[in-house]
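Please look at the sequence and structure before reading on.

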Amino acid sequence: MKLAVLSGKGGTGKTLVSVNLAAVAKESVYVDCDVEEPNGHLFFKPTDVKTKKVVNKIPVVDEDLCLGCRKCVDFCKFNALAAIVDKLLVFDDICHACGGCIMLCPSNALSEKDKVIGVINSGVSEAVKVISGVLNTGEVSGVPIIKALLKKIADEKRLTVIDCPPGSACVVMESIRDADYCILVAEPTVFGLSNLILVHELVKIFNKPYGVVINKGMEGENLIDTYCLENKIKVLSKIPFDCELGTLNSEGEIASKIEPYHSIFSALLQAVMKEVQDETIAYS
Amino acid sequence: MKQLLILSGKGGTGKTTVASAFIKLSQAKVYADCDVDAPNLHLAIKQTSQPKRNDFFGMPKAEVNTILCAKCDRCVENCRFDAVQVVDNNYWIDPYLCEGCGVCEMVCPVRAINLKPHISGELMLYDKDVIFSTAQLKMGSGTSGMLVTEVKKQMKSIDRGDELAIIDGSPGIGCPVIASISGVDMVLIVAEPSVSGISDMERIIKTAQTFHTKTVVCVNKYDANLKKTKAIIDYCQAHDIPYVGKIPYDKSAVEAVNNGLTLVDVFCEAGAAVQVVFGNTMEMLLRN
């Protein structure tokens, strides 16, 4: 089963929830899809790490063969090719690797080369398999790395927790595509609510079952509680604002190794499992 | 006009909180929110007027004319994004997977596929007393970098001779961040004292340096972990990156934000600290 953890707003506790869910499950896989800023490995400190490069297919020009017809330049929707004084230039960074220019070239002057855009690191940390995607700095799109990550776990039978990037754009959409259940982590601030509304819309578009975790809860009226109540959204867990939890997390410690955090995250995992089961029954 | 961009790498470190305080302190009349996936600056700096709204057209999306379609499979074979779906022998294109490259349109032997313009978001421009440019990306769209570029273009479309523009950025290091960095005079990084915050700060600094953009660093919620705060300051020193100050965690700051106010609208410790950060940042910005 695959659980995706997302939030819209950054810094609400996606990685905290993902890492600890994977840690309290007996056997599990943790996948870090926040390839721009992956952090899960800082907590798991996995050993036996194997690194695999992720490449994009980028066109290269053979100047001797190029006729200067500009067909490729006119075709490229991303403006990744330009003909300047009869010389064809390729802008690697904005190329989407669609392959169109190569198919079009009448003189076979274009071929493809592999360009490394990042890596996938796989290692182990106790009973957790830890897989992280890392985009090279200066690279524009992490989508090919996320696709490679999800391919890697496509047939995974163990409980798999997918730590998503912030926001609600293409990278988040890719990350939740294969998920069986989505956990939306929200903090009770006006910013947190505004961004929860966005990801709520996103999971509805993709028809995913979902529930909310309220992190950094304070006493008194809670914006997220009210929103969830009004929209009939299941609140899976409320993690109170807690300086000790903050310190453990800032030191890169897995909080659920000690109490009371072990109980908090075990209860969350149980709540999620129950939701998923109910979903399965409802749809079968 | 000098443009100051506020970034962080990691999300939730306080970009918008710092940006809104800076807008108040500088009395800047020009600002923008480049976090088009999850914009929040409009919640921190309330506007009384209504914005001008414009649809944002991102990359076009392919559409199959099922009447013409010969079901030859060439589009399926050639699409690198697996966007062509075949359900019950009917061909259609998943708009969330289509990147608008036009390969399917090119290979279709019966011209059954056409690229159609696609609305990927909305641009908003407030232009009465202040110029505030912001946008909202449509859920799951893939053109946030293009939209960020439009937000900045919109911000600069009105020239009233202002000297300063403050731009709130997005988390991460990818396309929207890179699009926001282009052309700004300086980047202020709001770092957080945690292992994650430091790792992310290092990656955003490297990204900014790739584009040769002057970068300075401040630490938010510094008292959450004093050791890590020191590690950030040491890192800055070792890498010759100006450090412009630190802001404590402050409950009244959270309350201020929840009430639609900025840090400097209420009397609080964090507000006083952000004034010092602001002073140092402006000195660095005007120095180059």
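A residue is buried if 20 or more other C-beta atoms lie within 10 Å of its own, exposed if 12 or fewer, and partly exposed in between, with C-beta atoms placed from the backbone. Helices are DSSP runs (H or I, at least four residues), numbered from the N terminus. This is a predicted model, in which local features need pLDDT of at least 70, side-chain atom pairs count only at pLDDT 80 or more, and totals for chains, interfaces and linings use all residues. Residues are numbered from 1 along each chain as its sequence is written, and chains are lettered from A and ligands numbered from 1 in the order in which they are written.

Q: Which residues of helix α9 of chain A are buried?
A: The helix α9 of chain A spans residues 243-250. On the other side of α9(A), A:C243 and A:E244 are exposed. The buried residues are A:L245, A:N249 and A:S250.

Q: Which helix supplies the largest share of the side of chain B that touches chain A?
A: Residues are in contact if their C-beta atoms, placed from the backbone, lie within 7 Å. The contact takes 48 residues from chain B and 46 residues from chain A. With 8 residues, the largest share of chain B's side comes from α7(B).

Conventions
Two residues are in contact if their C-beta atoms, placed from the backbone, lie within 7 Å. Helices (H or I, at least four residues) and strands (E, at least two) are DSSP runs, numbered from the N terminus.
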